[in-house]
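Dear colleague,

Please find below the sequence and the structure that I am handing over to you. My notes on what was found follow directly after them.

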Amino acid sequence: MAATPRFRKNAVDGSTSEGSTAEGNAAEGPVSKHPVDETLPPLRMFTSGLQHVAAMYAGVVAPPMIVGPAVGLSAKETAFLMGASLFTAGIATLLQTLGFWRIGAKLPFVNGVSFAGVTPMIAIGKDRGHDGIAVIFGAIIVAGLLGFVLAPYFCKLVRFFPPVVTGTVITLIGVSLLPVAFNWSQGGNATADDYGSMTNITMAAVTLVIVLALRKLLRGFLQQIAILLGLVIGTLIAIPAGITDFGALGDADVVGFPTPFHFGAPQFEIAAIISMCIVMLVCMTESTADMLALGKIVGRPADERTIEGGLRADTLGSAVSPLFNGFMCSAFAQNIGLVAMTKVRSRFVVAAGGVILVLLGLVPVAASVIALVPLPVLGGAGIVLFGSVAASGIQTLATAALEKGENALIVAAAVGVGLIPIAAPDFYHAFPEDLLVVLDSGISTGCVVAIVLNLAFNHWGRRPEEEPETGVPDSEQPKDPMALPVAH
């Protein structure tokens, strides 16, 4: 069995690592920190944080870009929404990474605007202008506060996420994100004349090759920021190709602040509140799965307290966002892929990214510089990022004893159901619109199926002596706080 890295704990809790003594620690010097709690030199902190921002930027601005015109906002008002979304995503990310009291997962966990809320928000505010936005904001505030109250109870679901479940969900997260990268690679706008053009797809392929080559050829810090370097090089190549748009740079204000309640005081309608509360539960489910995935990747498994803090940061960030004209916040899985690929596990790097997001929200002209990266270039890099998440899920499934009992069947059914919204987007078109909030999320449906089938096959109606053998002695079982006995 391969040895696992051992980290001496901080002096805060007074404990030492296995096999060490107080005298030994004194001789060795200061105790080391877990990589999650390490700080990097300023330049590395900034560039690594900027890389996270580049990976998530399109995902943050896309929901307001879609919702704004749908509710009847002008182009300038929609641009204001986009800046506000960057600002509030930065606040939510700082809550997650730095935290206070029992708020925040204190992992390299990125938060941004949730795509899960786009469809219901359009249904709530369609063609209602400022009133529609005010109703959306009122519903998000209530949903955020409800989620904050539910967080201590919702986090207890962690015990229903053994490796057979987490591996399935992590794989689905990566696979569900890949269509986003494919869409970006084609140009991002299906109605555009050049959507899916040879130029766009070639640019995505060139960026993909550049990123892979940089990861192969570079070493150390430069290898860690290969994605950022690939985006820069890809953007420079895209200029003569004619797919880099400088229009946003010329139209952007130098300084701007997301004035509180810019669109008026929030309004509260029961139907809208119920709809957004359902979205909040979906976001909490996905965030729980994302925290479990990230915990495994960084070597600090997410226990109940970590998930409770993470969910509180999610929901508090969502409740506060409408104050600054932002939408519901949730985990950004694409950044988990970036952590897995770069091996940079420091939460302070992501906190630096949160600061950059806040600044981008306050300085629209700076935000427009990030926006210069063409979507085909981002799509080429996204294939690597999102594929890394799926690969992490497959690694987790390799530890899930698929040869035991019905574990392989659990994975097969959950992955199959989770792929429905990806492979057949109109599969549920005849279902009520409220149900589509859950059914159109392959991550949520696959997660529910995996949990239920794990309980049905491995726990319900099974006496303790009938529990399947793990094949691993108890003394060698991994000390994983989220693992059930049958999962190893």
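How many helices and strands are there in the chain? The model, which is a predicted one, has 20 helices and two strands. Buried residues account for 52% of the 488 residues in the chain. Of the contacts between residues at least 6 apart in sequence, 81% join residues at least 24 apart.

I begin with the packing of helices. Helix H5 (residues 129–154) packs against helix H11 (residues 270–298) at an angle of about 45 degrees, and their axes are 8 Å apart. The two helices are therefore oblique to each other, and H5 passes H11 in a right-handed crossing. On the H5 side, the residues that meet H11 are Val135, Ala139, Ile140, Val142, Ala143, Gly144, Leu146, Gly147, Leu150, Ala151 and Phe154. On the H11 side, their partners are Ala272, Ile273, Met276, Cys277, Met280, Leu281, Met284, Thr285 and Thr288. By class, the contact of H5 with H11 comprises 16 nonpolar, four polar and no charged residues.

H11 also packs against H12, at an angle of about 140 degrees and with the axes 10 Å apart. That angle makes H11 oblique to H12, and the crossing is right-handed. From H11 the contact involves Met280, Met284, Ser287, Thr288, Met291 and Leu292, while H12 contributes Thr306, Ile307, Gly310, Leu311, Asp314, Thr315 and Ser318. The residues of the contact of H11 with H12 divide into six nonpolar, six polar and one charged.

Threonine 315 deserves a separate note. This residue is found in helix H12 (residues 304–320) and, at 0% relative accessibility, counts as buried. Apart from neighbours within four places in sequence, threonine 315 is in contact with Gly144, Gly147, Phe148, Met280 and Met284. Of these partners, Gly144 and Gly147 belong to the H5 side of the contact with H11, and Met280 and Met284 to the H11 side.

A further pair is formed by helix H6 (residues 163–186) and helix H20 (residues 442–458), whose axes lie 9 Å apart at an angle of about 165 degrees. H6 and H20 are therefore roughly antiparallel to each other, and H6 passes H20 in a right-handed crossing. Val164, Val165, Thr168, Val169, Leu172, Ile173 and Ser176 of H6 meet Gly442, Ile443, Gly446, Cys447, Ala450, Ile451 and Asn454 of H20. This contact of H6 with H20 has nine nonpolar, five polar and no charged residues.

I turn next to the nonpolar cores. Which residues have the most contacts inside the largest nonpolar core? They are Ile136, Met276 and Phe327, in a core of 102 residues. H11 supplies the largest share of this core, with 14 residues. A second, separate core has five residues, among them Met45, Val344, Val349 and Ala352. As for phenylalanine 327, its contacts beyond four places in sequence are Pro64, Val67, Leu81, Ser85, Val113, Met121, Ile133, Ile136, Phe137, Ile140 and Ser321.

Not counting residues up to four places away in sequence, proline 108 touches Val36, Leu294, Val298, Val339, Arg345, Ser346, Arg347 and Val350.

Tryptophan 101 lies in the loop between helix H3 (75–97) and strand S1 (111–113). Its phi is near 50 degrees, a positive value in a residue other than glycine. At 59% relative accessibility, tryptophan 101 counts as exposed. Phenylalanine 261, in the loop between helix H10 (247–251) and H11, likewise is not a glycine but has a positive phi of about 50 degrees. With a relative accessibility of 33%, phenylalanine 261 counts as partly exposed.

Yours sincerely

Technical notes. Residues are numbered from 1 along each chain as its sequence is written. This is a predicted model: local features need pLDDT of at least 70, side-chain atom pairs count only at pLDDT 80 or more; totals for chains, interfaces and linings use all residues. Side-chain values use heavy atoms; hydrogens and water are left out. Axes are lines fitted to C-alpha atoms, for helices over the stretch in contact, and angles run from 0 to 180 degrees between N-to-C directions. Helices (H or I, at least four residues) and strands (E, at least two) are DSSP runs, numbered from the N terminus. Angles under 35 degrees count as roughly parallel, over 145 as roughly antiparallel, 65 to 115 as roughly perpendicular and the rest as oblique. A crossing is left-handed if the near helix is turned anticlockwise from the far one by less than a right angle, and right-handed if clockwise. Contact means heavy atoms within 4.5 Å. Ala, Val, Leu, Ile, Met, Phe, Trp, Tyr, Cys and Pro count as nonpolar, Asp, Glu, Lys and Arg as charged, and the others, Gly among them, as polar. A nonpolar core is a set of buried Ala, Val, Leu, Ile, Met, Phe, Trp, Tyr and Cys residues joined through side-chain atoms within 4.5 Å. Buried means under 20% relative accessible area, exposed over 50%, partly exposed in between (1.4 Å probe, protein chains only).
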